[in-house]
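Grab a pencil and work through these exercises with the model on your screen. Try each task before you read its solution.

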Amino acid sequence: MLKYGKHLTLLALSLLIGCLCSRSVVTSAPQEKPYDLLITNARVVDGSGNPWYRADIGIKGGHIAAIGRLAPNQAIKTLDAANQIVAPGFIDVHTHVESIYSLPAAENFVRMGVTTLVTGNCGGSATNIGEFLGRIKEKPLAVNLATLIAHGSVRRQAMGTEDRAPTPEEMKQMELLVEQAMKDGAVGLSTGLIYVPGTYAKTDEIVGLARIVSRYGGVYATHMRSEGEFVADAIRESIQIGEQANLPVEISHFKISSKKLWGQTPLTIGLVRSARERGLMVTVDQYAYTASSTSLDSRLPTWLRAGGLTEAKKRLADQATRERVRKEMKEGLKRSGFKDYGYAMVASYDSDPSFNGKSIAEITKQVTGKGDVSHQIDQMIAMYEAGGASMVYHSMSEDDVQRIMREPFTMIASDSGVRQVDESVPHPRGYGNNVRVLGRYVRDLHLLSLEDAIRKMTSLPAQTFGFRDRGLLREGFAADLVIFDEKTVADRATFEKPHQFPAGISSVIVNGELVFTGEAMTNARPGMALRGAGTASLVPTVAQGD
Ligand SMILES: [Zn+2]
């Protein structure tokens with residue numbers, strides 16, 4: 001309330017100054033100008049989904065001070081939008097940027113119009129959220145940063161990578177870690193239920209932690225137990241957690257990654273719709289590609305990976321166990337409908353970077369001269385034993401991607417980290433996700449209107465994650481903006497050459513400061529840590545049920 005009041009005062013003040021200036025002959029010193037920045041000739045797409053309208057936007061003190069027909073010469077700096085689209089900066093709710101302080105410009109995100117990142121997804125986050133978000137003071141960022149507290153990281157800290165239920169003491173420790181994280185500003189809880197150690201948790205363990213998150217007004221964001229063969233059960237589990245713990249559910253990177261189930265999205269979307277009809281807040285996020293990206297490990301049986309690599313290596317030394325791994329992987333591959341591992345491409349393999357960009361089928365052929373699945377599995381096991389790899393899996397259908405994108409509760413999120421240009425061959429989504437939606441799916445394929453696509457990148461994420469003064473172009477809101485040309489906006493990053501910045505983005509503004517000019521990043525680092533509703537300095541939401 002206090003914060004909002006301040007905005008209103010600010011607004012009133014700037015309007016007052018605006019009036020005074022327009023009546024007098026203006027020879028004001030820079031500090032007396034009503035706006036720090038004035039954007040003129042904008043076609044405003046405000047994030048609500050409403051059709052664009054024409055206006056100027058005045059920015060003062062990091063906030064939007066006025067939108068409308070504004071008099072010229074009222075600002076220290078004027079930016080002519082030249083009839084381009086001006087939208088709220090994009091909010092990417094699914095990222096993995098734990099290393100952002102070493103790449104504080106977050107250039108790959110900024111250059112596709114992203115101004116706010118939510119990290120800590122898929123069960124992996126910092127465990128000391130206060131410390132993590134607090135680092136922004138010493139190491140300023142170009143973008144705003146929020147984080148989830150991750151179940152996998154909390155579990156690892158409490159009980160290592162054991163394949164069992166927690167003891168009551170370990171559960172208590174996890175609860176305390178989650179509670180502290182919510183007080184320190186986490187926006188919710190994430191799980192990664194295909195990863196070690198998250199995969200060893202039963203539903204009741206997650207419900208227990210989600211109840212705490214619910215008390216502090218957070219969301220439950222989940223990388224589900226299955227996105228292929230058992231995807232429907234996994235959606236049901238996510239919904240059950242939301243209903244039992246009484247909190248909103250965000251299903252991460254919603255997809256179907258089993259070829260056998262391609263075309264089943266009406267069913268999976270139906271599960272989300274019916275939960276919403278019952279009154280549970282369920283939303284999903286999605287990246288705009290038919291390939292996913294995750295670790296090589298995730299293709300190996302979970303029982304093998306318990307206790308970490310050293311334990312797994314001991315197990316693999318036994319020929320019978322190794323045979324069991326081969327058999328399970330072969331069966332899994334067959335059930336998912338892929339004939340071999342030609343769909344699995346190496347993004348980054350430290351032990352031999354010459355593998356980067358090649359498929360497991362190609363690598364196996366190169367190393368052994370063989371083309372059968374058994375040799376491919378042996379190659380994958382060898383790479384796992386050598387430290388593992390980051391992978392790109394071409395495992396989805398375009399129809400399913402489009403069907404998910406059209407749903408009103410779907411937001412656009414990259415699932416990317418901060419990228420160092422020319423390092424390895426990562427998934428192109430980290431350079432192109434938002435612009436790919438605007439170019440390919442809005443302009444070229446007419447799948448969505450421009451206004452709806454922008455809503456999925458701005459006000460819907462802000463509403464879901466509780467960023468109450470972002471995601472819309474409104475007077476009093478934070479001045480996060482992106483300016484782009486809807487006719488030329490396009491992704492240029494490909495699976496072969498991912499390190500390509502997009503076209504068509506002409507300016508990106510974070511908290512009123514220009515961070516990207518269309519040609520280059522500026523040195524401005526105006527990003528803020530965005531803390532959740534459970535933060536001690538905010539009024540906590542009232543606990544409901546339990
Ligand atoms: Zn994930």
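**Exercise 1.** Find out why strand S1 counts as largely enclosed.

Solution. Start with residues 35-44, which form S1; strands here are DSSP runs (E, at least two residues) and helices are too (H or I, at least four), numbered from the N terminus. Next, check burial: eight of the ten residues are buried, so the rest of the structure largely encloses S1. Buried means under 20% relative accessible area, with a 1.4 Å probe and protein chains only.

A quick word on the model: it's predicted, so local features need pLDDT of at least 70 and side-chain atom pairs pLDDT 80 or more, while totals for chains, interfaces and linings use all residues. Residues are numbered from 1 along each chain as its sequence is written, and side-chain values use heavy atoms, leaving out hydrogens and water.

**Exercise 2.** Work out which strands pair with S1, and in which sense.

Solution. Pairing takes at least two DSSP bridges between two strands.
- With S4 (residues 75-80), S1 runs parallel over five bridges, and Thr40 stands opposite Asp80.
- With S2 (residues 53-60), six bridges join an antiparallel pair, and Val44 faces Tyr53.
- With S5 (residues 85-88), two bridges join a parallel pair; here Val44 has Val86 as its bridge partner.

**Exercise 3.** Identify the protein donors of the zinc ion.

Solution. Look for N, O and S atoms within 2.8 Å of the metal (3.2 Å for Na, K and Ca); water isn't among the atoms, so sites may look incomplete. Finally, check the two histidines: both His223 and His253 are buried.

Key:
Buried means under 20% relative accessible area, exposed over 50%, partly exposed in between (1.4 Å probe, protein chains only).
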